Amino acid sequence: CYFLRHARSRNYVSESEVCKLESVPLDFGDYHPLKPITVTESKTKKMNRKGSTSSTSSSSSSSMMDPLSSVLDGTDPLSLFAAAADPVTAAPPTDGARRKRDKDESSAVGSDFEPWSSKRGEILARYTTTEKLSIVSGGFHRKTATTGSAVSEKVRTRLEELDDLEEGSQKELLNLTQQDYMNRIEELNQSLKDAWSSDQKVKALKIVIQCSKLLSDTTVIQFYPSKFVLITDILDTFGKLVYERILSMCVDNRVSLPDNFSPESVNDTAKETCLNWFFKIASIRELIPRFYVEAAILKCNKFLSKTGISECLPRLTSMIRGIGDPLVAVYARAYLCRVGMEVAPQLKESLNKNFFDFLLTFKQIHGDTVQNQLVVQCVEIPLYLTLYSPAIDWILQCIAYHAPDVLLTEMMERCKKLGNNALLLNSVMSAFRAEFIAARSMDFIGMIKECDESGFPKHLLFRSLGLNLALADPPENDRLQILNEAWKVITKLKNPQDYINCAEVWVEYTCRHFTKREVNTVLADVIKHMTPDRAFEDAYPQLQSIIQKVITYIYDFALLFSVEKFLPFLDMFQKESVRVEVCKCIMESFIKHQQESTKDPVILNALLHICKTMHDSVNALTLEDEKRTLAALINGFIKMVSFGRDFEQQLSFYVEARSMFCNLEPVLVQLIHSVNQLAMETRRVMKGNHSRKTAAFVR
C-alpha cells in the first residue's frame, strides 16, 4: 500500500547542531587523509638473464601521484621478480617452522583471552533468517596474454582483470536460502585457495574484493552478523596466504626467517612483492573492500618497516569514518580490533581510539536513516540493537584485556554520558572483568534504571549483571539490595521465555549468598510464572540449569528437601527423558556429597521417589550402558541407608526396595548382598548365639 504524506518542516541548522560530531583533539603527527601521499618509487633495471643481477635504486617523492602509475611503464616488481626468482628462494618454510610460528603467534595474548573462534559458532547459530538472500557471483575467467608481449601489456591485462569485477563481469544470484548462501560462500573460499595454489593471484584478489563488497549489503539486516563471520573467514584465509607467500620469498639457503625478524633481514624481492600487494589494494575504488582487504594483510607491514603496523592502524581507524551505515561501521571496527589483537596486541592506543570514535558516532543508531531502513525491513528496534552486540562485545573485550581500572572507569563514564546507552551498557558488562562489575554493582543498577525501556530491554541488562555476579562477589552490605532490585524487574516480565532466561542466572546468585528461605521464594516464583499454559515445556534446559545450580550450592540433602518448593519444582519436568536426566543429576550429587549413612525419613522418601522414576524409565529399548548407570546410582543410594541396630526396619527397607527396583538385576544382586550382610551383622551382635526372635529374623 502507498500513502500520501506531506513533507514535514525541518530546521536544518538545529538538526546539524544536534547531529554533528563532538570535536576532540586528535594527534596523528603529519598524517591527514587528504594530504599528498609519500610513495617510495622503486626502479629496476633488467639486464641480460644469464649471469646478470638486478640493481635497485629507491627515491622518495612527496608529490601527489598514482601509486600504480610507474607500473604501467613496465616496472611491475611482481612480474620482473617472478621471472627471475630462484627456485631455492621460492621454497616455502618447513612444516615444523610454520607450526612453531603459528603457535608463537597464537600465544601473543594469554590463554585468559577468549579467542574469536570461540564466538564464531554462537553467532552463526543465533543470527539466522528465513528471508531470501542474494550474492554477486563473478565469472573469474582467466585471460591469456599473447606470447612475447611487453611487460607493460601484461600489467595492463592484470589491471583490466581487476576492473572487470567492478564493471559488470559478475552476475547476481537471487532468492538463495540461508544454507544456499553459506554454501556459496564456502565455494568462494575454496575457489580462493584453488586460485592461489594454481598461481592465479589476480583471480584470488578478485574473489576477496567481491566477498568484501558483500559486507556493504544490509538488505537482510538480521543476517548481517553471520554474514560478517563467513566473509571474514575468507579474508583471514587471504591474509594468511599473502603473508606465507612473502615469507617464503625470504628464505635464504633454505633457512627461514626467525620468528622476531626485523625488516632489515627481508630481501628486496620480498619487499617489492609486499609493496606491490599494498599498491594493488590501494587501487580498489570502493572504501569497504579497500579497507577490509588491507586490514586482512596488515601483518605484512612487518616486512617493510618496524613501525608499519603502528602507522597503519590509526589510518585504517580513520577510514572507517567514511562508512555511513552504523552497523556496517561497527563490524568494520570489530574486524580491525580482531586483526590488531592478532598482529600487535601491545598497540592498545589504536584500539581505544577505535572505540572512542564509535562513541562519537553512536547517536547515528537512533537517526532517521536507520529508522527508515528498519521500517522497510519490518525490524523492531530491540531486535536491531541486538545485532550490534557481537561487534561491540568484541571491541570492548579487546580494550578491557589487562586494562587498568582507571581506563575501564573512564570508558564507563563516557558511556554514562550518552543517551539511550542500554546497548553499550550491556556490552560493557559482557566484556569487562567480573570483579570490576561486581564491585560497582549498585552503580550499574542505577544506570540500568535510567535506561530507556523502549530500546534495549532492561531484563537483558539485569541478566548480564547476574552473569557477572555469578563469577565475582559484590560488597556484602549491598547483596540483599541488589537481589531485591533485580527481582523486582524480573518478576514483572510477562513473557515466560524472557523471565526464565533471567531467573536462571539470578538463582545462582541467590544460592551463593542467601539462605534456604530466599531460595524457596525464588523457586516459588519460577513455578508461578512457568506453570500457566504449561510454559515449562519450552524451558526445560533453563529449568535443568536451575536444579543443577541449587544442588551445587545446597548439597546437604536434609536442608535441600526441607526447601518447601523443591519437590514441586521437580514436578514441572513432565517429559520423561528430561525428568530422568534431572533425577540422575540429583543422585550423582547425593552420592558425591553424602559422607555418612542416613535414616532421615524425609531424605529416604524423596530419594526413593527419585530412584523409582529412574527405574520406571527402563524398557526393552534401553541400552545396557544406561541400565548400568541407573543401577549404579540406585545401588549407591541403597548403600548409604542405615538404621543402626534397628535390623527389622533395615530389612523392611530392603524388601520395599526389592519390590520397587525389580527390573534392574544389578540392584537385586546388591539387595541380596545387603540382606546377607544384615544376617551376618545380626549374628555378630548376638555373638553367634541366636535367640528365638533373632533366629526367626535371620530365617
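What follows is a talk about labels and the values behind them.

Guide: This is a predicted model, where local features need pLDDT of at least 70, side-chain atom pairs count only at pLDDT 80 or more, and totals for chains, interfaces and linings use all residues. Residues are numbered from 1 along each chain as its sequence is written, and side-chain values use heavy atoms, with hydrogens and water left out.

Visitor: How many helices and strands does the chain have?

Guide: There are 33 helices and four strands. Both are DSSP runs, numbered from the N terminus: helices are H or I with at least four residues, strands are E with at least two.

Visitor: Why is E294 called buried?

Guide: Buried means under 20% relative accessible area, exposed means over 50%, and partly exposed lies in between (1.4 Å probe, protein chains only). E294 has 8%, so E294 is buried. Across the chain, 49% of the 699 residues count as buried.

Visitor: Where does E294 sit, and what does E294 touch?

Guide: E294 is in helix α10, residues 287–296. Leaving out residues up to four places away in sequence, E294 touches F278, I281, C312, R315 and L316. A contact means heavy atoms within 4.5 Å.

Visitor: What makes the pair of E294 and R315 a polar contact?

Guide: Their side chains come to 2.3 Å. A polar contact is a pair of N or O atoms within 3.5 Å; within protein, one must be able to donate a hydrogen and the other to accept it, and residues adjacent in sequence count only if both atoms are side-chain atoms.

Visitor: How do you know that α10 is mostly covered?

Guide: Eight of its 10 residues are buried. Among them are F291, Y292 and V293. The cover over the buried residues of α10 includes α7, α8, α9, α11 and α12.

Visitor: Why is the link between E485 and K488 called a salt bridge?

Guide: A salt bridge is a side-chain nitrogen of Lys or Arg within 4 Å of a carboxyl oxygen of Asp or Glu. The closest N and O atoms of E485 and K488 are 3.7 Å apart, so the pair qualifies. Both lie in helix α22, residues 479–490, three residues apart, about one turn of the helix. E485 is buried at 13%, while K488 is partly exposed at 46%.

Visitor: What makes K119 and E114 a salt bridge?

Guide: The N to O distance is 3.5 Å, so the pair passes too. K119 counts as buried at 17%. E114 has 39%, so E114 is partly exposed.

Visitor: Are E518 and R517 buried or exposed?

Guide: E518 is buried, at 15%. R517 is exposed, at 60%. Their side chains meet in a salt bridge, N to O at 3.3 Å. Elsewhere, salt bridges that share partners join R321, K353 and D357 into one network. The whole structure has 23 salt bridges.

Visitor: What makes a nonpolar core, and which residues have the most contacts inside the largest one?

Guide: A nonpolar core is a set of buried Ala, Val, Leu, Ile, Met, Phe, Trp, Tyr and Cys residues joined through side-chain atoms within 4.5 Å. The largest has 211 residues, with the most contacts at F355, Y384, W506 and V526. Its largest share, 13 residues, comes from α12.

Visitor: Why is this core said to lie between domain 1 and domain 2?

Guide: Both domains give residues to this core, so it lies between them. The domain bounds come from an automatic or database domain assignment.
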